Amino acid sequence: TIGREEQAHLQQLVRDLVQTDSKVISDDTFDQTPYIIKQVFQSGREEAFGELLSGFALRKEHEIEKVCALHYQEFVQSIDQLLKVRAGTSSMRDKILSMNHQIQETGDKTVEKKKELIENKRKLVNIELALESVQSCLFVLDICNRITTQIASRKYFSALRMVQEIQSTHFKLIQSYSFSKLIIDWIPQVQQRVRASVLLELKEWYSIIKENAARVGSLAMNLTLARYEKINKIINSSSLSKLKSKSIASNIGKSMELAINEELANQNDLSNGEDIQLDFTPLFQCIHIHDVLGKRTQLKIEFEENRRLQADQLIKSSFSLKSGSTTEFNKYMQQIAGFFVIEATVMTSTQDFRSRSNVEAIWELATNKMGVHMIESLSECDMPELFLEMKESITAFMQTMSVYGYAVSHLNDLMLSLLDRFGELVKTSTGTKIFTIINEEDDYLPMSCKNPMELAKVQHALSIPEEFVQDEDGNPMYPVGLPFSRGVFLCAVEIGHMIDRFYRFSAGFTQQSNEIDDLMKKVLENVLFQYLNATYRDRIVNGGLSVAIQLMINSQWLAHACADFEQLLQEKRFSTKGIRVPLASTSAFEETYHMAENRIFQVINHKIDTFVEVVDYNWTSNQSRSSHSPSYNDLAEYLEALNISALTALPDSTKSKVFFEAFEHLSSSLKDLITTSKVNFVTIPALESLEKDVIFLESFLKRIPDAISVSDCFVELRQLILYGKSANYEEILNLSIKSKKYSRVEMQDVVHLLEKLKNYDTGYFSKASPAEKQLKKTMEDVMKALRQYCELPPK
C-alpha cells in the first residue's frame, strides 16, 4: 500500500509522461521522460506506477471506443459513396483511353505528312543559302586574287584599299565559314608584303640619293656662290655705292640677300631641277602606304634611324690631303651638303613626317662629329697653302646650309679648329725658320746697312730711332751701324710675314673676329716664347761671352720690337680696331736681357776667379811683398781687352755695370780670403801684400773711363786691411771712430780677421813682449765684445 501523497505524486508523473508523449518531441521534452522514469525507479514504486499507467491507458481506450460508436453509420455511408465513385471513374477512364487511342492514330498520320513538308522546305532553304554563300565566297576570293595582281603590278594603295573593303564589308559574309580563318591570317601577310615592297623601293631610293648626294651638294654650293656674287655685285654697283649712309646700304644689302635666298631656294628644288632630277615618289608612296597601315610613326622612326646612319657614314668617310690636293676634301663637303639639302627638301615636301627638330638634331650631331673627324684628318696636313682652298669650301658649305635654314653657328668651332690648325702650322713653320736663323744664320755681330734699300727693309720690319740712322746734323749716314745682329731683323721679318699670312687666311671669318684676334695673339706669343725667347735662353746658357753680350742687346731690341708687333696686330685685327694688344713677351725678353746680363757677369767673374786662384798668397809670411802680384797684370790686360772688344757694343751705363759687378766680385773674393774658413792664419805682412794688390787694382780702375764710377768697390776691403794693420783694435768699438775710419767694415768680418791674426803665434806672439801680449789680450776683448754685438757664438 502507498500513501495518498505518494499516489498523488505517481499520478502526476503519469500525467507528465502522457503530456510529454502528446507533444512534439524537442530537446527539452525529450529530457523529461528519462527524468520521470528515474524518479519512479528511485522511489521503488515501479509496480504502482505501472498499474496507474495501465489504468490510464484503459480509460483512454474506453473513451476512443465511445467516440467511434457515436459516428460509425456515417463512416459506412461514406465508404459506399466512395466505392460508387470509384466504379464511375474506372468506366470513364476506359472511354478516355479509347478516344485517346483513336486520336493518336489520326495524329500520327498528320505528323508524318507535316514532317515531310517541313523537311522539304528546309532543304530548299539550305540550297538557296548554299548558293548565296558560294557566290559570296567566290566574290571574296576573286578580290583576294585581284589583290595579289595589284601587288605584283606595284599598285600597293589599290591593293590595300581592297583589303580594307574585305575587312569592312565582305568579311561578315564569310566569317561563319572555316576558310575565313585563312583569310584573317592572310590579310596581315598581304599588308606586310605591301609594306616590305614599298620599303624595298625606299631602300633603292636611299641608294640613289646617296649616289647623287655629292652632285646635289655641288649644285647647291655653286648656286650659293652665285648668289653671293650677285649680292656683292649689286651692293658694289654704282647706284648703291653712292649711298652715304652705310647702315642704309647694309639694310638694302640684307633685303636683297633675303630676296635672292628665296629665289635660290626655288632654284634648288630637287624634284624639278634641270641639272639633277631626283624622284621622291618612292618616299611619298611609302609614307602614304604606312598611313593606310597605321604605321606612320614606325616609318618615321626607321627613316630617321636610316638617315642618321647615312649621315654618320658620310661624316666618317675618309679623305686625304697627302697628295697636295683638296679634291677629296671638296667631295666630302659636297656629300654632306647634298645630304642635308635632300633632308630640307623632304621636310618641306611632306607633312608631319620629317620634323624640323629631328632634322636639326641630326644636323647638330653631324656638325659635332664632322668637326671632330675633320680635326683628326687635318692633323696629317702640313701644307698651309691647302688651307685656303679648304677654307673656301667650308665657307661655301656654311653659306649653303644657311640658305636651307640650318644653324651654322655650330660650325664656328670647326672654323676655329681650322684656324687653330693653320695657326699651328704657321707657328711651327715660323718657329722652325726662327730656330734656323738663331742657330745657323745669325753671326752675332752688330748689323750694318750699306745703302738706303737695306735700311728701308730693316725699318719696315723694326722701328729704328733716328739717332741710329742720322748724324748730328740730321743727315743719313752710311753704312748705318745697328746694335742688334742680323738675326733680329730676319726674325722680325718672319714674324711680320706670319701675321700677314694668318690674317689673309682669316678673311671671311668675320663672325669669329674676337676668336681670330685672340688666336693670332696666342700664336704670336707662342712663337716669341717657345721659339725665339727659348732659343735665345738656350744660346745664352751654352754660348760664350761675346754671344751673351750680343744676345743681351738683341733681347733689349726684341722687347722694343714687341711694340711693333702690337701695332701690327692692332692694325690687322678684325674686332675693335685701335685698341692696344699687349704682349706678355715684352717682359719675357726683358727677363732674357737680365739673364744674358747675369751670364756676362758669370763668365767675367769666373775668369776673375781663375786669375785670383793663381795668385800665391803666403798668409803666414813674416815679410810682405815688394810689389803687387804679377797675376793681376794679366787680369788688367784681360779687362782692358774686354773693354775695347767685346764690351764695345754695350752702352756706357751697361759697361759701367759690368765693371762694377766684376770688381765688386773681385773685392768680395779677396775679402773672403781673409775672412772665411779657407784660411786659418793671417799675418800682418800678408795683409800688407794684399794691400799692395788692392792699390794696383784701384790704380787700374782709374785708367778705364767706364770703370771710374765703380772705383770705390775696394773701400770696404781697404778699411778692413787698414784695421788689421792697426795697433788699436779697440777703436772699432768707438762709434765715432768707426764711422770715420771703418764705416764700410762689417763687424763679423772684423771678428773673423782678428781670430786669424790671434791664431798665428809663431814668430809674432810666441816670444812676444808684454806689450805684444797686451795687444793679444786686447784682440780677445774686442772679439768678445763684437761677438756679443753681432750675437755670434764664442769660440
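How do the residues of the lining of the second largest pocket divide into nonpolar, polar and charged? They divide into 6 nonpolar, 6 polar and 2 charged.

## Basis of the model

This is a predicted model, in which local features need pLDDT of at least 70 and side-chain atom pairs count only at pLDDT 80 or more, while totals for chains, interfaces and linings use all residues. Residues are numbered from 1 along each chain as its sequence is written, and side-chain values use heavy atoms, with hydrogens and water left out.

## The chain overall

The protein chain has 26 helices and 2 strands; helices are DSSP runs of H or I with at least four residues, strands are runs of E with at least two, and both are numbered from the N terminus. Of its 795 residues, 42% count as buried, meaning under 20% relative accessible area with a 1.4 Å probe, protein chains only.

Among contacts (heavy atoms within 4.5 Å) with a separation of 6 or more, 77% join residues 24 or more positions apart.

## Nonpolar cores

A nonpolar core is a set of buried Ala, Val, Leu, Ile, Met, Phe, Trp, Tyr and Cys residues joined through side-chain atoms within 4.5 Å. The largest one holds 193 residues, and Phe-397 and Leu-670 touch the most other members. α18 gives the most to this core, with 15 residues.

Leaving aside residues up to four places away in sequence, Leu-670 touches Val-612, Tyr-617, Tyr-632, Leu-690, Val-694, Leu-697, Phe-714 and Leu-717. A second, separate core has 9 residues, among them Leu-10, Val-14, Leu-17 and Ala-48.

## The second largest pocket

On a 1 Å grid over the protein atoms alone, a pocket is an open set of points with protein on both sides within 12 Å along at least five of seven lines, a cavity is a set where a 1.4 Å probe fits but cannot get out, and lining residues have an atom within 4 Å of a point. The second largest pocket contains about 340 Å³ of space, a volume being the space filled by probe spheres set on the points, which are joined across faces, edges and corners.

Its lining has 14 residues, with His-460, Ala-461, Leu-462, Gly-496 and Leu-568 nearest the centre. α15 (452-461), α16 (486-505) and α18 (545-572) each give two or more residues, and the largest share, 5 residues, comes from α16. In these classes, Ala, Val, Leu, Ile, Met, Phe, Trp, Tyr, Cys and Pro are nonpolar, Asp, Glu, Lys and Arg are charged, and the others, Gly among them, are polar.

## Cavities

The whole structure has 2 cavities of 30 Å³ or more. The second largest cavity has a volume of about 50 Å³, and α10 (296-316) and α12 (356-378) each supply at least two of its lining residues. That lining has 5 nonpolar, no polar and 3 charged residues, including Arg-308, Asp-312 and Lys-369.

Technical notes
Buried < 20%, exposed > 50% of the residue type's maximum accessible area, 1.4 Å probe, protein only.
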